[in-house]
Amino acid sequence: MIKKICNLATAVCFLALLFGLAAAFWILPDSPFSEAENRTLALFPEFSFETLTDGSFNAGMTEYFADQFPARPLFVRIKAESEIAAGRGENNGVLVGKNDQLAVRKFRVYESLLHQTPDMDYYYRSNVDAAIDALNAFAADASLPVVTILPPRSVDAAASAFTYPGEITDVLHEQLSAGLSPATGYIDLLPLFREHYDAGEYVYFRTDHHWTPEGAYLAYREIMKGFGMEDKILPESAFTVEEIPGFYGTTWSKSRLKFVEPDTIRYLSPGNEDEFVTDCLSVKMVKDEAGRPKKVKEIYKSFPGWLNRDYFTVKDKYGAFLDGTHNEQFISIPAMNRDREALLIMKDSFANTLVPYLAQHFDLVIGNLTGGVTNASELAEEYGCSRILIVYNWENLITSGSLAGIH
Amino acid sequence: MVFSSLLFLFAFLTVTLALYYVLPHNKWRNAVLFVVSLIFYGWGEPVYILVMLLSITEAYGFGFLIAKYRETNVRRARAWMTVSLLSNLAALLFFKYANFFLENLRLIPPLSEKIALIEGLTLPIGISFYTFQIMSYTIDLYRGQTEVQKNFVAFGTYVTLFPQLIAGPIVRYRDVDDQLTERRETVDLFASGVRRFLTGLGKKILIGDTASRIYEYAKASADFNATALGAWMVVIFYTLHIYYDFSGYSDMAIGLGRMFGFRFLENFDYPYISRSITEFWRRWHMSLGTWFKEYVYIPLGGNRAGRLKQYRNIAIVWFLTGFWHGANWNYILWGVYFGVILVIEKTFLLKRLEKLPKIVGHLYALLLIGFGWILFSYTDMAAGARCFLALFGVGVNALSSPVIGYEFLHAVPFLLIAVLGATPLPKRIWDRLAEHDWVSCGAILPDGREMPVTEDGLALSRRGKVFAVLTTVGCVFLFVFCVAYMVDSTFSPFLYFIF
């Protein structure tokens, strides 16, 4: 009898789950955007004879199902926490260390645009060598003083939080130190950040791959020293701390480990943001008098200071720095009514938190390396810059080829 | 479409189950299965539905001619069978092997300029499986082992039946001919199908896919830093991956079949507990082995025509087995590799192995199976050779590296579970405690024995009842976990501000 009952129960439970979830899927409204993942979600694909026969409808349906699946965050969480429970020590290539420090360990590394690897520990030495060669050549040609900082990844800086071996960190660190010429003004940040991290300072986020504003302050000091402006460094006491709690960063999104506590952004405010303006520029093709196409830069967005505080109320809180202008190509931040030296920053997003400090000394001209801007010499000339700063973190170094294009 | 996808479970399967059980009669139910199977098949490449329909129609049509002449004019029946088989094989040869032959012809210098590959030729999924199924009908019919199927829908359903369409098991026509027209769907059989399906889903998603990720990692790492440990990880995790993936898929097929009242033969029987390669091939992908034995080996004379002919037959069968797996030299080599081992075992090794302690046989078989998977998984044979040598520390940078060691150590708990799960032990213990075989009830064993769907004789003890409930609850949890992993596998945070 019990067998019959259990068989009936099995059939009913299975069908209930199957039809229940299917019904929930079709009935619940679709959401167009996932804040937790920072991306738009797939909607019902376009249906036509063409899309059906070329397979794009089918592919679209697969994505649509995955993206709009009911209770998706719950399911993703179940998976993440079972991976940790099974002793894997990580989920989706994200390590969980002491004090809930998260760090991405595996990356899809870059060799060429055509070659995709699975998530890896190792990286292509040749790709990093190409970046080193490009930087060396660029610095040798530049008539201006150059400072290069390459911020390490969380897994490198916060290494003491993990049992993960330092093999890759050591190899990459060694390759950079040995390869970069003195002309690049390369400043090795790894020992400095490790020392401060190990002393319990909050220099890297636990849930995000960036450094904190305090970490950026450390780097700022080193940059100033690199430019021989040690005497101009502003003490930490010159800034007032503004705390923005509840920050869950990119690494957390990737790991999906709910039990991890959020970060707090401790923004060091110089208190004079209203003296500055951020202009975002893009390149536009126009025709000159003779009808030939020519490129001009055009301001398409402008805002006071360098922060968009609206971001502090949503998930992507790091986006507040430079208004989340991660993909903008050029940014110029002049101080109003002051005549100052101009600094060209060729950067990735790590530089966004450096802006509040550096803007105290220079008018900033920013070219986004990860946005494909590599013509540093031209930019420096165009804007009359007298110094050049290069900021590019290790993750980008191994997962993209942008820096190798700098000239 | 694959079974282990959200789209299959929550769109395709729900609709199919609803349509199927709403209709009252098997005739209509077959029509439902036929139509949805075509949709299932055409999901990736709609055009290839036509190829399949053509093959079905040929075999169906020629079937009448074979049946007509097989009593009166055997030669004619034989001729029609040959025509039918060749026309079916033609599609397989063209789509799967044409470019392989052309590529090899191009290696001959005077031809290399003159021969061009056929462009845009992609392999229709499952063509190797359904072609063999169709052939089994034609041959069984000629041999008088089955009757001609007059109902086109029933025959079409047999060939296209979505549970076994794209990855087997290869169901012989005569094993299901009765079921096509007369089968009984019951709650008990359905529940047993659900349990079997979820077992397979769990094997594929929770273990097979995880093993695959570790395998991919180790394989890619070898390009950066070749280590002996890394090479062993490639072998070990590929060995686990392919078993859990493939046998999980067969479990799902068998389970789905039961949900619709079909009872298919088993396809895997714990292959990795074998003590010889001969035993391994009796336990691995049994429906393919049976097919080759029945339709190639025995017709060629099998082992009854003298030693020499037997070896020839073994050579042919294993060349074909390898070639069936893929149009590439590494698959051929893989088949031949096993053919050679089987001959060696037959001549003397098997007898010697039996005298040695059991563990020797296990290690011997596992190692040879593992080496075989290197051949199988590397279509680039030079890379395969490097991996093989690396196992013994030849051509490596080091025996291990810190990060690869780290990856391995953190995979150990998973590895233990996966290894244990590839033996009959967990199931045996569960069945003993539960006093009932919940997963295999309703199965048809390789020797043809039918396991009863429900045993009504013995009443369960208190413990048995507890385990009955546990089994049921376990199914729910297993399903939820599988869905969680499926949802996650497409979970891809777009980290735009990484730039």
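Let's start with Glu222(A), which is buried at a relative accessible area of 17%. Its side chain meets that of Lys225(A) in a salt bridge, 3.1 Å from N to O. Keep in mind that this is a predicted model.

- Glu222(A) and Lys225(A) both sit in helix H9 (residues 213–226) of chain A, three residues apart, or about one turn of the helix.
- Lys225(A) counts as partly exposed, with 35% relative accessibility, while Glu222(A) is buried.
- Another pair is Asp119(A) with Arg108(A), whose closest N and O atoms are 3.5 Å apart.
- That pair ties together parts eleven residues apart in sequence, because Asp119(A) is in strand E7 (residues 116–120) and Arg108(A) is in strand E6 (residues 107–110), both of chain A.
- Asp119(A) comes out as partly exposed, at 26% relative accessibility.

- In chain B, the side chains of Arg172(B) and Glu294(B) form a salt bridge at 2.9 Å, N to O.
- Arg172(B) belongs to the loop between helix H8 (162–165) and helix H9 (173–181) of chain B, and Glu294(B) to helix H13 (residues 286–297) of chain B, so this pair links parts that are 122 residues apart in sequence.
- Both partners are buried: Arg172(B) has a relative accessible area of 13%, and Glu294(B) has 15%.
- Then there's a network, built from salt bridges that share partners: it joins Glu83(A), Arg88(A), Glu90(A), Arg105(A), Lys106(A) and Asp121(A) with Glu407(B).

- You'll find Thr227(B) in the loop between helix H10 (187–224) and helix H11 (228–259) of chain B.
- Leaving aside neighbours within four places in sequence, Thr227(B) is in contact with Ala390(B), Val396(B), Ala398(B), Leu399(B), Ser400(B), Ser401(B) and Ile404(B).
- For Ala398(B), the C-alpha atom is 5.2 Å from that of Thr227(B), although the two are 171 residues apart along the chain.

**A positive patch on chain B**

- Arg307(B), Lys351(B), Arg352(B) and Lys355(B) come together on the surface as a patch of positive charge.
- Helix H15 (residues 329–355) of chain B supplies the largest share of the patch, three residues.
- Arg352(B) is in helix H15 of chain B and is exposed, with a relative accessible area of 55%.

Terms used. Residues are numbered from 1 along each chain as its sequence is written. Chains are lettered from A and ligands numbered from 1 in the order in which they are written. This is a predicted model: local features need pLDDT of at least 70, side-chain atom pairs count only at pLDDT 80 or more; totals for chains, interfaces and linings use all residues. Side-chain values use heavy atoms; hydrogens and water are left out. Helices (H or I, at least four residues) and strands (E, at least two) are DSSP runs, numbered from the N terminus. Contact means heavy atoms within 4.5 Å. Patches are made of residues with over 30% relative accessible area and no salt bridge: like charges are joined within 9 Å, nonpolar side chains (Val, Leu, Ile, Met, Phe, Trp, Tyr) within 5 Å. Accessible areas come from the Shrake-Rupley method with a 1.4 Å probe; for residues, only the protein chains shown count as cover. A salt bridge is a side-chain nitrogen of Lys or Arg within 4 Å of a carboxyl oxygen of Asp or Glu. Lys and Arg count as positive and Asp and Glu as negative; His and the chain ends are not counted. The place of a charge is taken as NZ of Lys, CZ of Arg, CG of Asp or CD of Glu. Buried means under 20% relative accessible area, exposed over 50%, partly exposed in between (1.4 Å probe, protein chains only).
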